[in-house]
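Have the sequence and the 3D view ready as you read.

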Amino acid sequence: MSLSIRNQLPGTVTAVTPGEAMATVRVRLTGGQDLTAAITREAAEELRLTPGATVRALMKSTEVSLATAPVEGLSIRNQLPGTVTDIAAGDAMASVRVTVEGGELTAAITRDAADDLALSPGIPVVALIKATEVSLATP
């Protein structure tokens, strides 16, 4: 199956916490970072997610925000440090490619935000991704 989702990071499930309707799933990415996905309990069961399961974490580029430093006091659990490797900017939007340990992410942000953050190749950034915006796929 081919997907339009650019951000696909491989990892291994380290913990599953089921709730009444939703489950949180901790994933250790290939690069060593931890990522949390909040998915329906039904999906976690159907995918047979248990510690040790191999998964791909999927995130749409429009769901990846960028900061120029780690952010404290924020409910967004997923903060992946990386480096800007490329920017394609149009009049309204910019596509920012970020290398993180073990992979690459693309963030679709406004051109104004890219300009305000003075983003350019080589700049360190932190990719911020809400757990509810992370989907999981199994092989």
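1. A quick reminder before anything else: this is a predicted model. I went through it for salt bridges, and the count comes to 5.

2. Start with R26 and D34. These two form a salt bridge, with 3.7 Å between the closest N and O atoms.

3. Next, find R97 and E104. Their side chains meet in a salt bridge, and the N to O distance is 3.4 Å. R97 has a relative accessible area of 38%, so it falls in the partly exposed class. E104 also counts as partly exposed, at 37% relative accessibility.

4. Now move to R111 and D115, another salt-bridged pair, whose closest N and O atoms are 3.4 Å apart. Where do these two residues lie? Both are in helix α2, which covers residues 111-116, and they sit 4 residues apart, or about one turn of the helix. D115 is partly exposed at 47% relative accessibility, and R111 is partly exposed at 29%.

5. One last thing to check on screen: R26, R28 and D34 belong to one network, joined by salt bridges that share partners. So when you look at the R26 and D34 pair from point 2, bring R28 into view as well, because a salt bridge here means a Lys or Arg side-chain nitrogen within 4 Å of an Asp or Glu carboxyl oxygen, and the network includes R28.

How values were computed. Residues numbered from 1 in each chain as written. Predicted model: local features only at pLDDT ≥ 70, side-chain atom pairs only at ≥ 80, totals over all residues. Heavy atoms only, no water. Buried < 20%, exposed > 50% of the residue type's maximum accessible area, 1.4 Å probe, protein only.
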